[in-house]
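This report looks at charged side chains and how they pair. Please have the sequence and the model open while reading.

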Amino acid sequence: MAGLDDCILCPRMCHADRTEGGTGVCGAGEKARVALVSLHQWEEPCISGERGAGTVFFSHCSLKCVFCQNHEISHGGKGRDVSPGRLAEIFIEQQARGAETLDLVTPTQYAPQILQALIIAKRHGLTIPVVWNSGGYETESMIESMRGYVDVFMPDLKYRDEGISKKYSGASNYFIAASKAIIKMYNMTGSPKYDDRGIMRRGLLVRHMVLPGCRKDSMRLLDWLWKNFKNNIKLSLMNQYTPMYKAYKYHEIDRKLTTFEYDSVVNYAYDLGFRNAYIQEGSAATEAFVPDFNLSGV
């Protein structure tokens, strides 16, 4: 497949040959690998609606987050390889199940395969909004390749400080890349647009999970978002950080977020002027929200 023999899909620009059994820094090879296909009720309401988001969880990841709750698939690579044809069938099956949206989770490393599958699926009647649910660590050219095929971009914006991003995700250039990618996403989709049931049909929803000890970094990210977008995007501020995977090696994040830390970030967002935003009330910091990656639906 074009581009996989000299891979520059993500900002790591590793130039790996992912054909004939090779893999990139992300761990991904020539075929898309899927770990779970499900109707997911825990995404933001404009993505899940009443019937659930049609999630397709992809294996491997270009980020190396030490606290990843999906580490079984992102780091471990658990999943099953599928052809573009089978992937297109999965997309259509999610629509047939009544999914409100097609929610592509951690898709970046498989952009060419997903694009080929979307072309096939749309020819066969795929009409629900396609959501690009990513870590935000992407290139502008890869985002551009999805023009006309992705309706809603839902990236994380994890870090502003390059020291923090390098320490916890192995990517010192995270903000430089993610900020450019998010601006590109907005330029492609514009302000959020919803149907009469409140499902986002087009637009940009930026997620930010507040990390322990990093509330000041969160505020810097909010400054950047407000400066560039004001209330013309949807914002989701999450308090669900749970110390998992290798977080125990970093004492400062080997704990849950405090109420003060989260509330101070929420209040800062409000004071800046954000109104088009989701916040989480109560604690969502539990491993119970981690899906069972049992290859169901693959």
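## Arg147 and Glu144

Glu144 has a relative accessible area of 30% and is partly exposed. The model is a predicted one. Glu144 forms a salt bridge with the side chain of Arg147, at 2.8 Å from N to O. Arg147 has a relative accessible area of 42%, so this residue too falls in the partly exposed class.

## Salt bridges in the structure

In total, 13 salt bridges are found. Side chains of opposite charge can pair when their charged atoms come close.

## Arg33 and Asp81

A salt bridge joins the side chains of Arg33 and Asp81, with an N to O distance of 2.8 Å. This pair connects distant parts of the chain, as its residues are 48 apart: Arg33 lies in strand S1 (residues 32-40) and Asp81 in strand S3 (residues 80-82).

Arg33 is partly exposed, at 24% relative accessibility. Asp81 is also partly exposed, with a value of 39%.

## Arg255 and Glu261

The side chains of Arg255 and Glu261 form a salt bridge at 2.9 Å, N to O. Arg255, at 31%, is partly exposed.

Terms used:
Residues numbered from 1 in each chain as written. Predicted model: local features only at pLDDT ≥ 70, side-chain atom pairs only at ≥ 80, totals over all residues. Heavy atoms only, no water. Salt bridge = Lys/Arg side-chain N within 4 Å of Asp/Glu carboxyl O. Helix = DSSP H or I, 4+ residues; strand = E, 2+ residues; numbered from the N terminus. Buried < 20%, exposed > 50% of the residue type's maximum accessible area, 1.4 Å probe, protein only.
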